[in-house]
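I opened the model and kept these notes as I went. The entries follow the order in which I looked things up.

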Amino acid sequence: MKTLQFTIIINALREKVWTEMLDPESFKAWTAAFSEGSYFEGSWDEGEKIRFLTPDGNGMTSMIAENRPHEFISIQHLGCIKDGIEDTESPESKFWTPAFENYTLSERDGATEVKVDMDAPPEYEEYMNQAWPKALARLKEICEMP
């Protein structure tokens, strides 16, 4: 597993970026770079289960490892979901775990720096390096709208 890092400066307050990043509707918009129609089920509260899904019922089952509002959220990926069924035991699922996806929001001269640290298998590094900048650019657009 390799830790990849992506950063963007968004001209909006941390509170707004946090809200837009986790809001169900804007989440669908900015994560479309990974899979059109992506969404989540569950809670962003620390210790709670959350599922990240595509419209065809595939995705990841995860847990919120840490949540410091407007500052930091850590997602621990626990396994895969295929056709709506969670799998934490198969070799395919274990290929992705343990993996963390961490978001750090920091104030930078009235703007917000969003830093994403994500564990990913080497086979997915190129895909992530293409998708993450697009996703963060879309999040920036959303947050900077008046």
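Entry 1, the pocket. Which residues lie nearest the centre of the largest pocket? I found F34, F52, T54, G59 and M60 there, among 31 lining residues. I am working from a predicted model, in which local features need pLDDT of at least 70 and side-chain atom pairs count only at pLDDT 80 or more, while totals for chains, interfaces and linings use all residues. Residues are numbered from 1 along each chain as its sequence is written, and side-chain values use heavy atoms, with hydrogens and water left out.

I noted the pocket definition: on a 1 Å grid over the protein atoms alone, a pocket is an open set of points where a 1.4 Å probe fits, with protein on both sides within 12 Å along at least five of seven lines, and lining residues have an atom within 4 Å of a point. The largest pocket holds about 820 Å³ of space, a volume being the space filled by probe spheres set on the points, which are joined across faces, edges and corners.

I then listed the elements that give two or more residues to this lining: α1 (14-22), α2, β3, β4, β5, β7 and α4 (125-144). Helices (H or I, at least four residues) and strands (E, at least two) are DSSP runs, numbered from the N terminus. The most comes from β5, with five residues. By type, the lining divides into 20 nonpolar, seven polar and four charged residues. Here Ala, Val, Leu, Ile, Met, Phe, Trp, Tyr, Cys and Pro count as nonpolar, Asp, Glu, Lys and Arg as charged, and the others, Gly among them, as polar.

T54 is buried at a relative accessible area of 17% (buried is under 20%, exposed over 50%, partly exposed in between, with a 1.4 Å probe and protein chains only). Its side chain makes a polar contact of 2.2 Å with the side chain of D56 (a pair of N or O atoms within 3.5 Å; within protein, one must be able to donate a hydrogen and the other to accept it, and residues adjacent in sequence count only if both atoms are side-chain atoms). Beyond its neighbours within four places in sequence, T54 is in contact (heavy atoms within 4.5 Å) with S35, S38 and Y39.

I counted eleven aromatic pairs in the structure. The rings of F27 and W30 have centres 5.7 Å apart and planes at 80°, so I logged the pair as edge-to-face. Rings of Phe, Tyr and Trp (its six-membered ring) pair if their centres lie within 6.5 Å; planes under 30 degrees apart count as stacked, over 60 as edge-to-face and the rest as tilted. F27 and W30 are three residues apart in helix α2 (residues 24-30), about one helical turn. F27 is buried at 7% relative accessibility, and W30 is buried at 2%.

W30 also forms an edge-to-face pair with Y103, at 6.4 Å centre to centre and 80° between the planes. Because W30 lies in helix α2 and Y103 in strand β7 (residues 99-108), this pair ties together parts 73 residues apart in sequence. Y103 is buried too, at 5%. Ring pairs link F6, F27, W30, F34, F40, W44, F52, Y103 and W132 into a cluster.
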